[in-house]
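Here's a quick tour for anyone meeting this structure for the first time. Have a look at it, then read on.

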Amino acid sequence: DQGASALAFLSSPWPRWVTTFDLLANVLGYLPFGALCTLALHPRLRGLSAVAVAAISGVALSVALEAAQSFLPARVASNLDVLANATGALAGGIAGTLAAPWLLGRGPLRRLRAAAILPGAEADLGLALLGLWLFAQLNPATLLFGAGDLRDLLAEPAGPAHAARLFVSVEAFTAASNLVAVSLLASVVTRPSAPARTMILGVLVAALSVKALAFAILMRAEHVFAWLTPGAQLGLAIGVAVMLAAVTLPRTARLVIAAVLLMVATVLVNLAPPNPYTAAMLKVWEQGHFLNFNGLTRLVSALWPFAGLAYLILLAARGGGGHTLR
C-alpha cells in the first residue's frame, strides 16, 4: 500500500512522458477485446447496444488493471492508458459490429466453414487448437514447429558440444513430425468432400508467414528468415511429402499417426542438446515491451502438444467413422 487511493490516478495530471509506441499498444491491445465482445453478444445485442457494452466493459477492465498496478512499485497507473484502452475497445466494438453479419451471419465465411469443416463443437475445438498452433509460431526461441519444450519452464538446458549434423537432423525430424501431426489433426475436422491438401497447405503457408512476421517484428530485419535453417528446410520438404500421402489414410490411422508423431517430436525436443546456432541468434533478441507477450507464446508453445494429444484421444474415444479425404 503506497498510501494513496487505488483510483487516485483517474484525477491525476496527464503523464509527463508519453511515447507513440505505448499509445498504439494500448489502443491495439483492446481492439480484439471490443471486437470479440460484440461478436459474443451477437445476435442478442446488435448495433449501438453491443458497441456500448464492449466499450463500457473495456473501460471497466482497464480501470481494474490500472488500479491493481497502484500496488506494484515498478508500475505506474495512468489515466491516459485507460483512455487509450477505451478507444481501442470502442473501435474494436464498432469493427466487430460491422463484421458480425459477415462472420456470424449467412455470409461467405459461414458458407466456407459449412462446406469445408465438419459441424459440431469437436470441430470447433480443433479449429481453436489450430489457431493456438499458429499463435505459438510467434515465439522465436523455438525450432520450426518445435512445440512442447518444457526445459525453459522446469530447468535450464545444458550439455556438451555436438556436431552440426546432429542439430540438422533433430530440427529436420522435429519440423517434419510436427508438420505431419498438425496436418493430420486438421484433416480429421475437414469434410471428406473438401480439398484437404489445399487447405492444409494454406495453414502451412500461414504458419510460415507468422514465423517470418514474428522475426521481422521481434528481431532485426536481417534475421527475418533466420529460422529457415538447413534442418528446417529439410524438415519442411519431408513433412510436406509425407503429409500429402498421409491425409488419404483412414481416419483412425490418421489419429494414431498424429498422436505418435506428437509424442515422439515432443520427447525429442526435450532431449535434444541446446543448439548453439539458436543461442547465438537469440543474442540479438531484445524483448523489451514484448517480454510478457513472448512469455505467453512460449507457454502456449510448451503446452500445445499435450492439448493436441488430449484432443486426438478425445476424437479416438468418440469414434466417428473411417472416411478418407481427397
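## A first look around

Setting aside neighbours within four places in sequence, Trp14 is in contact (heavy atoms within 4.5 Å) with Asn79, Leu80 and Leu83. This is a predicted model, where local features need pLDDT of at least 70 and side-chain atom pairs count only at pLDDT 80 or more, while totals for chains, interfaces and linings use all residues. Numbering starts from 1 along each chain as its sequence is written, and side-chain values use heavy atoms, with hydrogens and water left out.

Back to Trp14: you'll find it in the segment before α1 (20-41), helices being DSSP runs (H or I, at least four residues) numbered from the N terminus. Because its relative accessibility is 55%, Trp14 counts as exposed (over 50%; buried is under 20%, with a 1.4 Å probe and protein chains only). Trp14 and Asn79 sit 65 residues apart along the chain, yet their C-alpha atoms are separated by 7.1 Å.

Now for the nonpolar cores, meaning sets of buried Ala, Val, Leu, Ile, Met, Phe, Trp, Tyr and Cys residues joined through side-chain atoms within 4.5 Å. The largest has 41 residues, and Leu144, Phe145, Trp304 and Leu312 touch the most other members.

The biggest giver is α7, with eight residues. A second, separate core has five residues, including Val63 and Val82.

One last stop: the His42 to Pro43 peptide bond is cis, with omega near 5°.

Terms used. Helices (H or I, at least four residues) and strands (E, at least two) are DSSP runs, numbered from the N terminus.
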